[in-house]
Amino acid sequence: MEEKLLLLGDEAVALGALHAGLTGVYAYPGTPSTEITEYIQASELAKQRGVHCRWCTNEKTAMEAALGVSYVGKRALVCMKHVGLNVAADAFVNSAMTGTNGGLVVLVADDPSMHSSQNEQDSRFYGKFAFVPIMEPSTQQEAYDMVVSAFNLSEQVGLPVLMRLTTRMAHSRAVVTPGPVREQNPMSFPTQPADWVLLPVNARRRYTTLLGQQEELEQLSETSPFNGFHEGPNKRRGVVACGIAYNYLMENYPEGCDFPVYKLSQYPLPKQSLCRMAAECEEILVLEDGQPFVEEQLRGVLPTPCRITGRLSGALPRTGELTPDNVKQALGVPNNKAMAASEHVVPRPPALCQGCGHRDMYDALNRVVREYDNYKVFGDIGCYTLGALPPFRAIHACVDMGASITMAKGAADAGLWPAVAVIGDSTFTHSGITGLLDAVNSNANITVVISDNLTTAMTGGQDSAGTGRLESICLGIGVDPAHVRVVVPLPAHMEEIMQTIREEIEYKGVSVIIPRRECIQTLKRHAKEARNKKSNEA
């Protein structure tokens, strides 16, 4: 009997990568991609094979380490959320210039509707920008099969493959039937070592080669088992369904769609197939979860006067994630539901956990900074971003990972005082260290609060690269030892914390305050683990 597993899309990718002969997964936690690495960390097969699965400091270091694995001929998976690809972009784009040796798959989980993100960017644009193949699954089974195929494709064409999930695919479950388990690659080295040395003379040659591969990549899309044309009798409209959109389309047509449908899950765009479809149809409706990536390209590709509809035309909402309901509306299918489920749900705003150390930190900070006339507090990415909401309303900006320190520095450079930055321990090591170095180099008059809960809490309590080392890092960067202060954020210590904040605001230079108390969620988890261990020993 075939084995069947109920898996998240993330877990299907992880299992597929392991079965494809993975040597290492490299990632920084980021919703909705986190569960991929966590699944591999818990896998017995990964442990038996010694698969590398420790968290990286940020997405750029993850991408570079994975490129090193590829260099020696083995297979590596890089995982991140969409904004993480911005951090890894330098290495990612240049990995197309070096090419690959061992298979390299870059898994990016996009977040349409911004459930836990700052923007709705569509990572497919990055793949097109870098001239690499792109794949996006429509089901969890396809996610499993596709990552195996992506590793093979990477080695076939000598390029990294960008594999894209969206939130609903990453975090929904379906039955997956696993395939055979492949051995890891033996170690081998590039046959063209100069390709990996991107001096201008080599880079110019490689760029010409990369552009020359595009016709082959397009032909591979034309013949991909993940792409395909499904005939329909009603030629009034053709539908191009990308990735999970195909699943949503089929939900509305369980007995089969009347319109011709092109299922699109591998890029670059298979222009020949789409042109043939457009020649038969009066209109093409493009269903894609994210930005109008395909819709925009089709407008410049089709030689026929076929009308193109989708997000740009208003047939689908311009923002937010694709859903079966808005697909239904775009198709003109009658909606028989009396009321959407969401209409029964009363929204509840997110809030910091009761007992969280960030709460006491914000309480103390608010009491002190409000003693000043023109203070501003620059926030960062993490649980503590919720300090922008009631009851604290404590931060005035949140842009990207690490921006709190450099924005506070810039504001101080412009004459603002006091300028305060609030950043978490994991975010600080991810991308705050360089900002602090800038501040030290110019002796900026800022106060930096590194709120240390000893974990990467927002994504579930993964290891933090700076645990136990924050003071040493700050001192190594050059912060005056007298102005690196550690406090314990508890109500009983409120007066001490407030006095520390006052003193450091009044100091004319860079100061760092580290409120340190373990995340309440990981504390509970560790206490439960300790009780279970004690019970087992008894």
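This is a predicted model: local features need pLDDT of at least 70, side-chain atom pairs count only at pLDDT 80 or more; totals for chains, interfaces and linings use all residues.
## Helices H4 and H5

Let's start with helix H4 (residues 59-71) and helix H5 (residues 82-98), which pack at about 25° with their axes 7 Å apart. That angle makes H4 roughly parallel to H5, because anything under 35 degrees counts as such.

On the H4 side, Glu59, Lys60, Met63, Glu64 and Leu67 make the contact. H5 brings Gly84, Val87, Ala88, Ala91, Phe92, Ser95 and Thr98. Sorted by class, the contact of H4 with H5 has 6 nonpolar, 3 polar and 3 charged residues.

## Aromatic pairs

There are 7 aromatic pairs in the structure. One of them is Tyr71 with Trp196: the ring centres are 5.0 Å apart and the planes sit at 90°, so the pair is edge-to-face. Tyr71 belongs to helix H4, while Trp196 is in the loop between strand E7 (173-176) and helix H9 (200-212), so this pair ties together parts 125 residues apart in sequence. Tyr71 is partly exposed at 31% relative accessibility, whereas Trp196 is buried at 17%. Together with Phe189, Tyr71 and Trp196 form one aromatic cluster.

Then there's Tyr362 and Phe392, with ring centres 5.9 Å apart and planes at 35°, so that pair is tilted. Tyr362 comes from helix H15 (residues 357-369) and Phe392 from the loop between strand E14 (376-378) and helix H16 (403-413), so parts 30 residues apart in sequence are tied together. Both Tyr362 and Phe392 are buried.

## Lysines over rings

Lys263 puts its charged end over the ring of Tyr246, 5.8 Å from the centre. Lys508 lies over the face of Trp417, at 3.9 Å from the ring centre.

Terms used:
Residues are numbered from 1 along each chain as its sequence is written. Side-chain values use heavy atoms; hydrogens and water are left out. Axes are lines fitted to C-alpha atoms, for helices over the stretch in contact, and angles run from 0 to 180 degrees between N-to-C directions. Helices (H or I, at least four residues) and strands (E, at least two) are DSSP runs, numbered from the N terminus. Angles under 35 degrees count as roughly parallel, over 145 as roughly antiparallel, 65 to 115 as roughly perpendicular and the rest as oblique. Contact means heavy atoms within 4.5 Å. Ala, Val, Leu, Ile, Met, Phe, Trp, Tyr, Cys and Pro count as nonpolar, Asp, Glu, Lys and Arg as charged, and the others, Gly among them, as polar. Rings of Phe, Tyr and Trp (its six-membered ring) pair if their centres lie within 6.5 Å; planes under 30 degrees apart count as stacked, over 60 as edge-to-face and the rest as tilted. Buried means under 20% relative accessible area, exposed over 50%, partly exposed in between (1.4 Å probe, protein chains only). A charge sits over a ring if NZ of Lys or CZ of Arg is within 6 Å of the ring centre and within 35 degrees of the ring normal.
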